[in-house]
Amino acid sequence: MTCAHRGQPRLALTSTGQPSGSPPANRVAPHPPTEWLPTRQPSGSPPIGTQVFRSDNSYSRFKDGSIYLWEITTSIRSYIRRLVGWTGSGRTTPEERVAADQIILACCLLHQWIVNEYLRDDGPTHVGIHGRQVHEDLLCAALGVASSSDIIDADDDPTPYLGLTAIILGATKRLPSLTDQERVGLEDELGDVASNLGQCERILRQPIPLGYSRSTIRFLWLWLLLFPFALVPTFADLGWPQESALVVGIVTFLGLVFLGVEDIAVQIEQPFGILPLDLTHNWLMRDVARSRRMLRWSAFERGDGPSASP
């Protein structure tokens, strides 16, 4: 009789009803050797999850702060570039070009206000290039007035948003030859400055809760203190010599790693304290100096301004 399934071997049945090729039912499979397995396992595990969450949040704040800062600088640079280009046309009067040069100076003072004082949040204001405070210099340059006493009082604590408003108002009042489309383009750049400045304020004024940082470092110290009690029995079972020295070395190394990561997370949590804000402002000032020289060259070419040479 032909088998229904070709290629499959037939198994004969024994008197017990089991196939002849299978082991007896009452036979127990041998266990693997256990001499190489330690009888105890470390009871602690590295607080990797906590450290990763802590450092990831801090790095995210640092990266976002750097991006927003560069966006502010880029928007101010674009505003100056557009202002130089649009005020160099033939419809612009010499008085408007002088006003544009002063508004460019106001943009530089605004950037100095943001990066050297407002984001650092270190208390005293910085002195402007004319010997007065940056706030008063900005308002005078933007609005074309000799004194800002009618705008802000001596005991006022203004913010850079007042400078943004003054620059917009000064461009509207002192540059009447600009078209509506050009005004909208200039205001969009300042709108981006205000939006990114608000994001920087969120990072600066809302740090990671202090209780979370304290709980993380306490848990880390507790884990480092208890971890040797789990390592010593394990090394003793493995028969490793000098297990005490190994435990000290391993715990010291792990402590340096985890405590170092925690220290880095604390430092980059507030990015504006470690970012090169002064260098950012200096780079912008070099570009502005070239733009103002180009503006003077444009006026000289038209015969209504001095030479652009320094």
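Leu 222 lies in helix H6, which spans residues 210-238 (helices being DSSP runs of H or I with at least four residues, numbered from the N terminus). In this predicted model, local features need pLDDT of at least 70 and side-chain atom pairs count only at pLDDT 80 or more, whereas totals for chains, interfaces and linings use all residues. Residues are numbered from 1 along each chain as its sequence is written, and side-chain values use heavy atoms, with hydrogens and water left out.

With a relative accessible area of 47%, Leu 222 is partly exposed, a class that falls between buried (under 20%) and exposed (over 50%), with a 1.4 Å probe and protein chains only. Together with Leu 225, Leu 226 and Phe 229, Leu 222 makes a nonpolar surface patch of about 460 Å².

Five salt bridges are found in a search of the whole structure, each being a side-chain nitrogen of Lys or Arg within 4 Å of a carboxyl oxygen of Asp or Glu. One of them joins the side chains of Arg 77 and Asp 287 at 2.8 Å, N to O; this pair links distant parts of the chain, since Arg 77 is in helix H1 and Asp 287 in helix H8 (residues 277-301), 210 residues apart.

Arg 292 and Asp 101 meet through their side chains in a salt bridge of 2.9 Å, N to O. Arg 292 lies in helix H8 and Asp 101 in helix H2, so the pair ties together parts that are 191 residues apart in sequence. Asp 101 is buried at a relative accessible area of 18%, while Arg 292 counts as partly exposed at 22%.

## The loop between H1 and H2

Thr 87 is placed in the loop between helix H1 (48-86) and helix H2 (94-118), and counts as buried at 1% relative accessibility. The side chain of Thr 87 reaches the backbone oxygen of Leu 83 at 2.5 Å. Gly 88, in the loop between H1 and H2 as well, is 9.5 Å from Trp 297, C-alpha to C-alpha, although the two are 209 residues apart in sequence.

## Confidence

The chain averages a pLDDT (the predictor's confidence in each residue, from 0 to 100) of 77, and 73% of the residues score at least 70. Over residues 31-44, pLDDT stays under 50. Where pLDDT is low, the predicted coordinates should not be read in detail.

Terms used: Patch = residues over 30% accessible without salt bridge, like charges linked within 9 Å, V, L, I, M, F, W, Y side chains within 5 Å. Areas by Shrake-Rupley, 256 points an atom, 1.4 Å probe, with all protein chains shown as cover. Helix = DSSP H or I, 4+ residues; strand = E, 2+ residues; numbered from the N terminus. Polar contact = N/O pair within 3.5 Å; in protein donor to acceptor, adjacent residues only side chain to side chain. Contact = heavy atoms within 4.5 Å.
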